[in-house]
Number of protein chains: 2
Amino acid sequence: MSVTPKARGRHHHGDLRRALLDAVAEIVQESGPEAVTLRECARRAGVSHSAATPHFGDKRGLMTAFATEQSQRLREAMEAAVAALPAEAHPAEHLAATGRGYMAFVRDNPAHFRLMFRTDLIDTADPAWAEASSRARDPLDTAMRALVPGADDRAMRARLALAWAGVHGFCTLRAEAPRSDLWYPPPREAEVAEDLLALLLAACATDPCA
Amino acid sequence: MSVTPKARGRHHHGDLRRALLDAVAEIVQESGPEAVTLRECARRAGVSHSAATPHFGDKRGLMTAFATEQSQRLREAMEAAVAALPAEAHPAEHLAATGRGYMAFVRDNPAHFRLMFRTDLIDTADPAWAEASSRARDPLDTAMRALVPGADDRAMRARLALAWAGVHGFCTLRAEAPRSDLWYPPPREAEVAEDLLALLLAACATDPCA
DNA sequence: CTTGGATCTGACCATTGTCAAGTTGAATCG
DNA sequence: CGATTCAACTTGACAATGGTCAGATCCAAG
């Protein structure tokens, strides 16, 4: 709560921008994306409710900045999972690792994930967000291209769509599940995730010309 | 806008419950789930701002009733797609038709679909909603069981998860796409959907014991 | 020390959801 | 047929939110 002593260049607050983004993370984790209010963020940062305006413009700007950060973290999670593989790993392992990285991120940050896709709360015209969102698709993209190098555009599109939809859909359903009780309970969850990935890999690796 | 002349048993309004649900549908279609307010619904129905209370309790009650209706419509769309098949259709055709019914519903009602999965706006403890949501999974379930009758529990779970996540994930991404520009443009959309279904069917139909 | 500009405060407004209390009107009962 | 009853609806009020704006405040450069 106390002002960070470094106060690097900032006038009153140590780093209000950071503090507000952290407040968003806190609230999202505690009570979900819809519980985030500008005033509560300001309260947690110890500032007045309109202190955020110079930094983020309005609430949507704050949410967009937060979502942008999370998109970067998601991409880094996937890249880290791939980087942890042995050098001689098969392309299929790369794709699987990418999927596991995605799923692990959402398992550990379900509320952050839900916020990232609340396109009503974020400014989709923001260039930084657009780039972060776009780059978050790169790991899956490159892994898939390495797995099926001979596929033509259409076959590649179909495989990317299936992989993306399958992993994303799984995560979406799981992230909503605690509230709706319509998905697999936690013990089964890991098993189902692995089996789903295996089916997905088999489907994508089949010869597209067959 | 005028009161329906029948006025079947209702006191003041012809059928306020129906009128309010229709207002939700209108607003959701025009401006998305987050634009729905109790007061605007009441305005469109031509009643006072708290007229909804006796019928739905609070806003969440109204949203829940609406989501319940949409879940039923979604299930009916899938059942209709299966029923339109020739009697001798292969089980794989049943599964594909189920997926097509799901996708067609979301293509035609993207905003309604988005609302259905906004578990923060609906009361997931409502028994009617829970039953409608549960029954909406039946068509996919039965089609899958018919396609892979020999699969054990684990293999069946994995296939159901993949099919459900794949179709649902595809629809989720598409329903958000108009706002985020991160999915395929409409001309490709139908093609990608068909190819995705084909990959999905192939993945699910493979012998689970192989 | 002065000046400038970024940073933050406090107050205002419109809007929302919810609640309590009143009003209406249709159906029921004597 | 008239009085009663009860749910449907209206009215008015409340707290909370987001956005905006004038102005106070503070840091840093000159």
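Predicted model: local features only at pLDDT ≥ 70, side-chain atom pairs only at ≥ 80, totals over all residues.
Chain A contains ten helices and zero strands. Its pattern along the sequence is accordingly written α-α-α-α-α-α-α-α-α-α. The C-alpha trace of chain A spans about 65 × 40 × 30 Å along its principal axes. Of its 210 residues, 49% count as buried. When contacts in chain A between residues at least 6 apart in sequence are considered, 68% of them join residues at least 24 apart.

Chain B is superposed on chain A by a rotation of 180° with 0.0 Å of shift along the axis, at an RMSD of 0.1 Å. This is the relation of a two-fold axis. The copies meet through the same surface, because 100% of the interface residues of chain B are also interface residues in chain A.

Helix 1 of chain A covers residues 16-31, a run of 16 residues. From first to last C-alpha, helix 1 of chain A reaches 22 Å, close to the 22 Å expected at 1.5 Å a residue. The buried residues in helix 1 of chain A are Leu16(A), Leu20(A), Leu21(A), Ala23(A), Val24(A), Ala25(A), Ile27(A) and Val28(A). The elements covering these buried residues include helix 2 (38-45), helix 3 (53-56), helix 4 (59-83) and helix 6 (110-116) of chain A. After helix 1 of chain A comes Gly32(A), with a positive phi near 90°.

The packing of helix 1 on helix 4 was examined in chain B. The axes of helix 1 (residues 16-31) and helix 4 (residues 59-83) of chain B come within 10 Å and cross at roughly 80°. Helix 1 of chain B is therefore roughly perpendicular to helix 4 of chain B. On the side of helix 1 of chain B, the contact is made by Arg17(B), Arg18(B), Leu20(B), Leu21(B), Val24(B) and Ala25(B). Helix 4 of chain B contributes Leu62(B), Met63(B), Ala65(B), Phe66(B) and Glu69(B). By class, this contact between helix 1 and helix 4 of chain B has eight nonpolar, three charged and no polar residues.

Two residues of helix 4 of chain A were considered individually. Ala67(A) is located in helix 4 of chain A and, at 0% relative accessibility, counts as buried. Apart from neighbours within four places in sequence, Ala67(A) is in contact with Met116(A), Ile122(A) and Trp129(A). The C-alpha atoms of Ala67(A) and Asp123(A) are separated by 9.8 Å, although the two residues lie 56 residues apart along the chain. Gln72(A) is also placed in helix 4 of chain A, but it counts as partly exposed, with 34% relative accessibility. For Gln72(A) and Glu131(A), 59 residues apart along the chain, the separation of the C-alpha atoms is 9.7 Å.

Helix 9 of chain A runs over residues 153-180 and has 28 residues. Its first and last C-alpha atoms are 38 Å apart, close to the 40 Å expected at 1.5 Å a residue. Helix 9 of chain A is mostly covered, with 24 of its 28 residues buried. The residue following helix 9 of chain A is Asp181(A), and the phi of Asp181(A) is positive, near 60°.

Definitions and conventions
Residues numbered from 1 in each chain as written. Chains lettered and ligands numbered in written order. Heavy atoms only, no water. Least-squares fit on C-alpha atoms with pLDDT ≥ 70 in both. Contact = heavy atoms within 4.5 Å. Axes fitted to C-alpha atoms, helices over the stretch in contact; angles between N-to-C directions. Helix = DSSP H or I, 4+ residues; strand = E, 2+ residues; numbered from the N terminus. Parallel < 35°, antiparallel > 145°, perpendicular 65-115°, else oblique. Nonpolar A, V, L, I, M, F, W, Y, C, P; charged D, E, K, R; others polar. Expected span 1.5 Å × (residues − 1). Buried < 20%, exposed > 50% of the residue type's maximum accessible area, 1.4 Å probe, protein only.
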